[in-house]
Amino acid sequence: MNLACLKTGEIQPADGQADAFSLTEKTESAWRTRQLKIISAMIGPLILSNLVNACVIWLSFRDTAASGPLLIWLGAICLVCLTGYVASKRPAKRTRNPVVLTKRIEVFTWGVAAAGALWAIAPLLVLNVADSYGQLIIGVILTGVMFTGAFLMSRIPRAALAFIVPIAVGLVLEMQLQQDPKHVYASILTAVYVFILAFAVRWSHTQFVKQILNESAVREQSQLIGLLLRDFEESTSDWLWQTDAQGVLVDIPAVFEGAEHQPGDFEVGETLVGQFEVNDAAKVLKTSMMRRQSFRDLSMKLANGTEDRWLSLTGKPIFEDRVFKGFRGVASDITQSKEIEDRIAFMAHYDGLTGLPNRMNMQEHLEKALRQPVQEPEARALVWLDLDNFKWVNDTLGHPAGDELLQHVAGRLNESSAEKDTVARISGDEFAMIVQRDSLSDLELFLDELTERLSIPYDLRGSTANCSASVGVRLFDAETRDARTMLKHADLALYQAKKLGKSTWCMFTPALDERARAQLQIEADLQSALERNEFRLHFQPQVDAHSHEMVGCEALLRWMHPERGLVYPGDFIEHAEDNGLITRIGDWVIRAALAEARRLPEHVKVSVNISPLQIHSANLMSTIVNAIAANNIDPRRLELEITESVLMSDTHFTLKRLHKLKQIGVGIALDDFGTGYSSLSYLRSFPFDKIKIDKSFVRDIESRSDSRAITQATISLAHSLGMRCTAEGVETQFQAEFLRDIGCQELQGFFISRAKPLDDLTHVVNLRPREDVQPKAEIVRAARAEAEAPEPSLAKSAQA
């Protein structure tokens, strides 16, 4: 036995065992209490055996001369037994004081010692009257008394020895007085038996003390475990649980007296599985308990309670002697961590501002919807929305108003959607929906109502904001199963809706995809078109309205594509503006147009269109100056045509740059006059050299009086401002004569000539041979130096 667990402050036992054991006060109290319980249990059998054996001895020798002394002896035995019986029945005060308990054991020891002394007298009383048969009887009875006393009092060794030693001494003395060698041998054998009997009593007592110490150690360890368990349950949100073999929750047995175990949120007497709502983890729990397998960290929601509670459950099966007894484990309250986890999951799948599903969530819904077939005549569609004026709201009313607008939009989308529809916010001002209606006509009606509802003005903090939405629609079909393809097609439809004028919806068609593919191919080919020298210039003559003599020409760009052939600007200029190549292409057009202008007569001007991006280019001034110098061209022969869209972007900078160009000598013409919103204000802001009447007015001169009136008013306005006037799109003789009669100076259109390469215009102008117009070497050197210099000052430009 391990005695290291005993504490200091130990006391020695009072029955001669100090050499083998050291007992604490608490342990000795338990030991003495156990001894007293043993005394109470064996006092009856001990008294009965003494009385029966004493009566047998008296009856055996009552007819002898020792009858009288034996009767007195029997009375003494009865008196001792009666005293012991009365003492055992007297109620004793309960105590754990080792001193008091030791005194009670000492009283008992003295009592059995008195009984032993009386039994030692018995053989001496019959010494002279007993024959060999009588001596055998007295020897057998005394031996039985000794063994009975040793067996019954083996847990109290001092009392056992106080009882058997006097008896043995009396028996040995009686044998020695017989003067018979056989009795001498018997006395020696009796002494050996007594020694063995004393050794057995000591050994039994030693085992008894070990048992007491083991039980005490186990009790102390149980108390320590109980204290740790109680501290564990008080300091954490975890608690222990246990079930029986049927999975019913039971109380955990108390580990020490007075210990209480808290069942936590569980109801004892109910099944463990029944405590939770049904989910995947609950199914795992049920399966594990059915298979008697361990489980760990199962997150489950309690079924009962006024508020949501989540627990993490860990358990393992209990087996005792290979017999299944149930499950035991730990339950942890993870409600707070579950709320944080749910919040993180919400942030990962939902938009924090509107509460709608985000792009990732929407794509999951889309992939799920693609796996479900559409039943005819139902119509299911992916709807992609983009707010038309959201940037204006942010810039004018502020970002808080923009956030409020997005919340209003989300509310209108939710109100317009059906129960099974999905609404999501994809990015800043983009939303998406997955909708399903009973038929295609119902879907179209829904789209009409949706765009109309989104066009209703919003009240944002006392301000009214008009923010309609453009909508792209992609119908589900049996062939398309890729979510990315659906999203791309819906985006193409949205882009088309914006081109159609916004605040409307557009359905995707295969033609949109083909157009998008072609546009992508064009954008890719544009990257290498300049390096491969694939661009060409065509020139459309501008003639005097009276003499029809060529006075100028407009340089129009063409793209000689290696596979598609001749491509017109309407098919690629927009793409060039989107990817930023328009600046490089515009610079090439200026240089190529002025190089070709050397072949034209000195009085013929060359017009070049300038895009909004090009007017802001840092290279524009140097490109124009270098091209003029390299080709030895009079700056007044170059005329730049701009539209109102050029003036609408950073008007101050644009006007400042146009003034610099005009100071150089370059002419500035306002193209497409009358088609914009602020032409008159621009005429007042900048003194243009020419106004070009848009062909939309010229085309209707013959059929509409209002077009004739607008055209005549424009020409009169140009004359009053000292500007020349050129009419575009002249296609008939009537148009040419009418324009001439109302004072238009220049005509341009198919009536004069289509746009052609310069070599094909010999029927309207005399061209100089190419070998006669090569620039001089000094002019080329000056042009290169000019190209390497920064943007020239006004003085330098004028001098050039």
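Let's start with helix 5. Its buried residues are Pro157, Ala159, Ala160, Ala162, Phe163, Ile164, Ile167, Ala168, Gly170, Leu171, Glu174 and Met175. Keep in mind that this is a predicted model.

How far apart are the end C-alpha atoms of helix 5? They are 27 Å apart. The helix runs over residues 157-176, which is 20 residues. At 1.5 Å a residue, the span should be 28 Å, so the two values agree.

Now the aromatic rings. We describe a pair by the distance of the centres and the angle of the planes. The count here is eleven aromatic pairs. Take Phe319 and Phe324. Their ring centres are 5.6 Å apart and their planes sit at 55°. Edge-to-face needs over 60 degrees and stacked needs under 30, so this pair is tilted.

Are these two rings buried or exposed? Phe319 has 44% relative accessibility, so it counts as partly exposed. Phe324 has a relative accessible area of 11%, so Phe324 is buried.

Phe324 also pairs with Phe327. Here the centres are 5.7 Å apart, with 75° between the planes. That pair is edge-to-face. Both of its members, Phe324 and Phe327, are buried.

Step back one level. Phe319, Phe324 and Phe327 belong to one aromatic cluster, together with Trp241 and Phe295.

Last topic: charges over rings. Which ring lies under the charged end of Arg437? That is Phe446, with the charged end 4.4 Å from the ring centre. Arg754 does this with Phe750. Its charged end sits over that ring, 4.1 Å from the centre.

Key:
Residues numbered from 1 in each chain as written. Predicted model: local features only at pLDDT ≥ 70, side-chain atom pairs only at ≥ 80, totals over all residues. Heavy atoms only, no water. Helix = DSSP H or I, 4+ residues; strand = E, 2+ residues; numbered from the N terminus. Expected span 1.5 Å × (residues − 1). Buried < 20%, exposed > 50% of the residue type's maximum accessible area, 1.4 Å probe, protein only. Phe/Tyr/Trp six-rings, centres within 6.5 Å; stacked < 30°, edge-to-face > 60°. Lys NZ or Arg CZ within 6 Å of the ring centre and 35° of its normal.
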